[in-house]
Amino acid sequence: MAEQGRCCDLAALGEQGGAPPWEKSLGTYIGCFSDDGHERTLKGAVFYDLRKMTVSHCQDACAERSYVYAGLEAGAECYCGNRLPAVSVGLEECNHECKGEKGSVCGAVDRLSVYRVDELQPGSRKRRTATYRGCFRLPENITHAFPSSLIQANVTVGTCSGFCSQKEFPLAILRGWECYCAYPTPRFNLRDAMDSSVCGQDPEAQRLAEYCEVYQTPVQDTRCTDRRFLPNKSKVFVALSSFPGAGNTWARHLIEHATGFYTGSYYFDGTLYNKGFKGEKDHWRSRRTICVKTHESGRREIEMFDSAILLIRNPYRSLVAEFNRKCAGHLGYAADRNWKSKEWPDFVNSYASWWSSHVLDWLKYGKRLLVVHYEELRRSLVPTLREMVAFLNVSVSEERLLCVENNKEGSFRRRGRRSHDPEPFTPEMKDLINGYIRTVDQALRDHNWTGLPREYVPR
């Protein structure tokens, strides 16, 4: 309680007109705000850190995505946005100390300590810039399709992106000297790109041609970022089952943003919790989450669930992904010494059979299944995700699914390639794995499911 009182005293100091110590180097402290409404105001970039959250850490994350305000809650949660929350409360109600910074205020339960993001701290990552999405034909009725606009001479990509970022739109659209801001919608879903040369004309010709250049702004599409626990305990206990390395974390990201409900886990991974998977801390049998991640197989573990989404990925890719995770964490890559040691062949010999037995056990003991292939989810995201959401018995708008598609990668995917990436599988390993692929392919067909994707079934 002594530490909590210390935070209260610091907040009171700010209220009396003297600047609290953290303001001098970390930006302007705006105040304490209520965050217990149905919909958050600061709902852009979100992350948690149970051990190391600091004000500057949160500010830098928000500044990187061009947000104006950083809000900290419950000592460990960070939220970003460009509009202040509506309800201000007394500074004394924000009395939780930041987990990684003694003497600094990081909100409280349902209370946000809001700071203005003044500038990036030294050594932090640079601000993100607009990303080119392509050249597209304009939709009919621009005024209805694009909610906000800026018309001025010599408008640039930077000007347009900044204007749309400030208004929290994920898309900045340039048509000659006209700038529009929008979300992806069924009428403007960014799936039918034109040749970029069509948009490479002078501004007047481009305006008359009814084409536009589309850029992704640094801010998130926030139509699908609100998530919560189920209001009532679920009557159907659903697993999200996969072999390790099959994309379970990515599938959880998609499901959470599509349904608006947290997913749970049979395990606890603090790294995942810090990335925003708040259900990670919840007991896996609480039934407060929309589904529960598991890599378990075996009759007893499977029959605990009423139904399951069974996620299957190419074993060659799954084995490499899981080996990378075991050696270097969720976002790292195994070192060359790991691949060249006895560790790699031993891993393949034990894990390849598990890839097969995991699928076979779930096909045999699962009570109600939806089989989803990782490759199909990547290739045809919205239709596949729509099927998954329907299986979970949740009604979702097309706009929300398009929002998920716009935020599809999340923050939990390895980026780039290792500097040295040799073929890690020997002929003997391939013979072993291909045998398991044939077995699983036939088992799927025997259970009236489509077989494995043709691109990795040996022929």
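Start by selecting Phe243, Tyr316, Phe323, Trp339, Trp344, Phe347, Tyr351, Trp354 and Phe425: ring pairs link them into a cluster. Rings of Phe, Tyr and Trp (its six-membered ring) pair if their centres lie within 6.5 Å. The structure holds 27 aromatic pairs.

You're looking at a predicted model, where local features need pLDDT of at least 70, side-chain atom pairs count only at pLDDT 80 or more, and totals for chains, interfaces and linings use all residues. Residues are numbered from 1 along each chain as its sequence is written, and side-chain values use heavy atoms, with hydrogens and water left out.

Now zoom in on Trp344 and Phe347. Their rings are stacked, 5.9 Å centre to centre with 20 degrees between the planes; planes under 30 degrees apart count as stacked, over 60 as edge-to-face and the rest as tilted. Both Trp344 and Phe347 are buried (under 20% relative accessible area with a 1.4 Å probe, protein chains only).

Next, pick Arg288 and Phe229. The charged end of Arg288 sits over the Phe229 ring, 4.0 Å from its centre. For that label, NZ of Lys or CZ of Arg must be within 6 Å of the ring centre and within 35 degrees of the ring normal. Then hop to Trp250, where Arg378 lies over the face at 4.4 Å from the ring centre.

Last stop: show helix 10 (residues 315-328) and helix 16 (residues 427-446), whose axes come within 10 Å and cross at roughly 120 degrees. Helices here are DSSP runs (H or I, at least four residues), numbered from the N terminus. Axes are lines fitted to C-alpha atoms over the stretch in contact, with angles running from 0 to 180 degrees between N-to-C directions.

Terms used. Buried < 20%, exposed > 50% of the residue type's maximum accessible area, 1.4 Å probe, protein only. Helix = DSSP H or I, 4+ residues; strand = E, 2+ residues; numbered from the N terminus.
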